[in-house]
Amino acid sequence: MPANLTPQYQKAEQQYRRAQTTEERIKCLEQMLQLIPKHKGTEKLQAELKSRLKEARAELQQERSAPKRGRSYRFPRQGAGQVVLIGAPNAGKSRILRDLSNAEPKVADFPFSTHEPMPGMMPYKDVAVQLIDTPPITETHIEPYIIGMVRAADTVLLCMNGASDDAPDETLAVVEQLHKRKTILAADTAFDEDDFSTLRVRALLVVTRASDPGWQDRVEYFFEAGGPRLNVVPVELDDEPSREKLRQAIYDSLDVIRVYTKKPGKPPDYDAPFTIPRDGTVQDLAEEIHRDIAERLKYARVWGRHVHDGQSVGREHVLHDGDLVELHV
Ligand SMILES: Nc1nc2c(ncn2[C@@H]2O[C@H](COP(=O)(O)OP(=O)(O)OP(=O)(O)O)[C@@H](O)[C@H]2O)c(=O)[nH]1
Ligand SMILES: [Mg+2]
């Protein structure tokens with residue numbers, strides 16, 4: 001990525017990645033083109049953005065004239081982050097959704113039991129994380145819409161059955177299916193520096209049935225055979241302390257902080273915190289609440305461990321987990 005890209009541009013780029021419709025993508029690309037610093041170092045990227053925009057506009061035309069073949073699903077983001085579960089058949093994806101969230105997917109002791117994606121909310125601390133279960137991916141089949149979901153996810157859970165000798169190879173096939181579609185599971189999310197269409201998406205390797213003594217050897221084999229070196233989270237879903245560790249790993253991977261708000265002259269709202277990225281600012285919080293507030297914001301007062309009680313701060317002030325903020329417009 002060329003140097004000197006502003007934080008505003010980077011934010012627009014992140015929105016582009018998370019866009020779920022062609023209309024949204026077009027809007028984001030237009031914004032990126034407007035925000036990108038115009039100099040020699042960004043010429044290649046500008047050209048790339050323009051051709052993406054052209055493609056997206058053509059796509060929209062086509063969508064309007066002829067409805068898309070194949071199914072598509074849209075799950076508006078909710079809560080502290082959107083986490084997509086993928087994996088080979090029988091990996092335990094639906095069981096994770098069932099055990100961790102309010103959703104009631106079908107869980108079966110035979111493969112290919114899930115045919116459609118399903119969202120659910122996982123409560124954690126005093127926030128909730130959106131989990132999305134998906135149908136299995138094999139060497140020969142992937143539902144095309146899964147790619148879009150993976151690319152827009154905040155975190156992907158690559159699920160692998162820790163008790164099966166076939167699971168490492170089956171899971172490598174999942175990785176390969178994504179790779180063929182320019183989607184790479186990685187430790188962190190980023191567009192490829194040289195090829196804007198390739199995207200790295202933050203993922204965890206979740207190994208189910210970790211009460212099986214062989215799970216570590218199977219993970220070792222997965223890595224040695226070329227699997228991406230993701231952080232590993234073993235889980236035995238029959239065991240509550242183990243499930244709690246998985247909840248925590250999922251939440252931590254999102255790298256967000258919780259911020260509480262109060263209206264001037266009113267008591268604090270400690271029930272429903274907002275979540276913003278770690279190192280997020282007052283501006284980020286305001287945008288999370290409402291675009292109007294973000295635009296009209298004059299200053300904020302903050303209570304927390306890193307400020308004097310009620311300290312007045314500007315838009316660029318960096319917030320911390322647990323801060324209480326009063327926005328003044
Ligand atoms: N004991 C135990 N059983 C598990 C665990 N994870 C998954 N299972 C079982 O494994 C079987 C398959 O789980 P599912 O969640 O249906 O697997 P899936 O990945 O959704 O499978 P498909 O929808 O076919 O892709 C079910 O019988 C689960 O109860 C685990 O950690 N411990
Ligand atoms: Mg399933």
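Modeller: One definition comes before we start. A crossing is left-handed if the near helix is turned anticlockwise from the far one by less than a right angle, and right-handed if clockwise. Note too that this is a predicted model.

Biologist: Which hand does the crossing of α2 and α3 have?
Modeller: Helix α3 covers residues 43-65, and its axis lies 9 Å from that of α2. The two pack at an angle of about 155 degrees. As α2 passes α3, the crossing is left-handed.

Biologist: How do α2 and α3 run, roughly parallel or roughly antiparallel to each other?
Modeller: Their packing angle is about 155 degrees. Angles over 145 count as roughly antiparallel. Therefore α2 and α3 are roughly antiparallel.

Biologist: How many charged residues are in the contact of α2 with α3?
Modeller: On the α2 side, the contact includes Glu23, Arg25 and Glu30. On the α3 side, it includes Lys50, Arg52, Arg57, Glu59 and Glu63. By class, the contact has eight nonpolar and two polar residues, and its charged residues number eight.

Biologist: At what angle do α1 and α2 cross?
Modeller: Helix α1 spans residues 7-18, and helix α2 spans residues 22-35. Their axes come within 9 Å. The crossing is left-handed, and α1 and α2 are therefore roughly antiparallel. The angle is roughly 165 degrees.

Biologist: Which class has seven residues in the contact of α1 with α2?
Modeller: From α1 the contact takes Gln8, Tyr9, Ala12, Glu13, Gln15 and Tyr16. From α2 it takes Arg25, Cys28, Leu29, Gln31, Met32 and Leu35. Three of the residues are polar and two are charged, while the class with seven is nonpolar.

Biologist: Which helix gives the largest share of the shell around ligand 1?
Modeller: Ligand 1 is surrounded by 22 residues, and the closest are Gly92, Ser94, Arg95, Thr114 and Pro136. By class, the shell has nine nonpolar, seven polar and six charged residues. The largest share is three residues, from helix α4.

Biologist: What is the radius of gyration of the chain?
Modeller: The chain has ten helices and 13 strands. For 329 residues the globule rule gives 20 Å, and the chain's value is close to that, so the chain is as compact as a globular protein of that length. Its C-alpha atoms fill a box of roughly 60 × 50 × 35 Å along the principal axes. The radius of gyration is 21 Å.

Key. Residues numbered from 1 in each chain as written. Chains lettered and ligands numbered in written order. Predicted model: local features only at pLDDT ≥ 70, side-chain atom pairs only at ≥ 80, totals over all residues. Axes fitted to C-alpha atoms, helices over the stretch in contact; angles between N-to-C directions. Helix = DSSP H or I, 4+ residues; strand = E, 2+ residues; numbered from the N terminus. Parallel < 35°, antiparallel > 145°, perpendicular 65-115°, else oblique. Contact = placed C-beta atoms within 7 Å. Nonpolar A, V, L, I, M, F, W, Y, C, P; charged D, E, K, R; others polar. Near = placed C-beta within 6 Å. Rg over C-alpha atoms; globule rule 2.2 N^0.38 Å.
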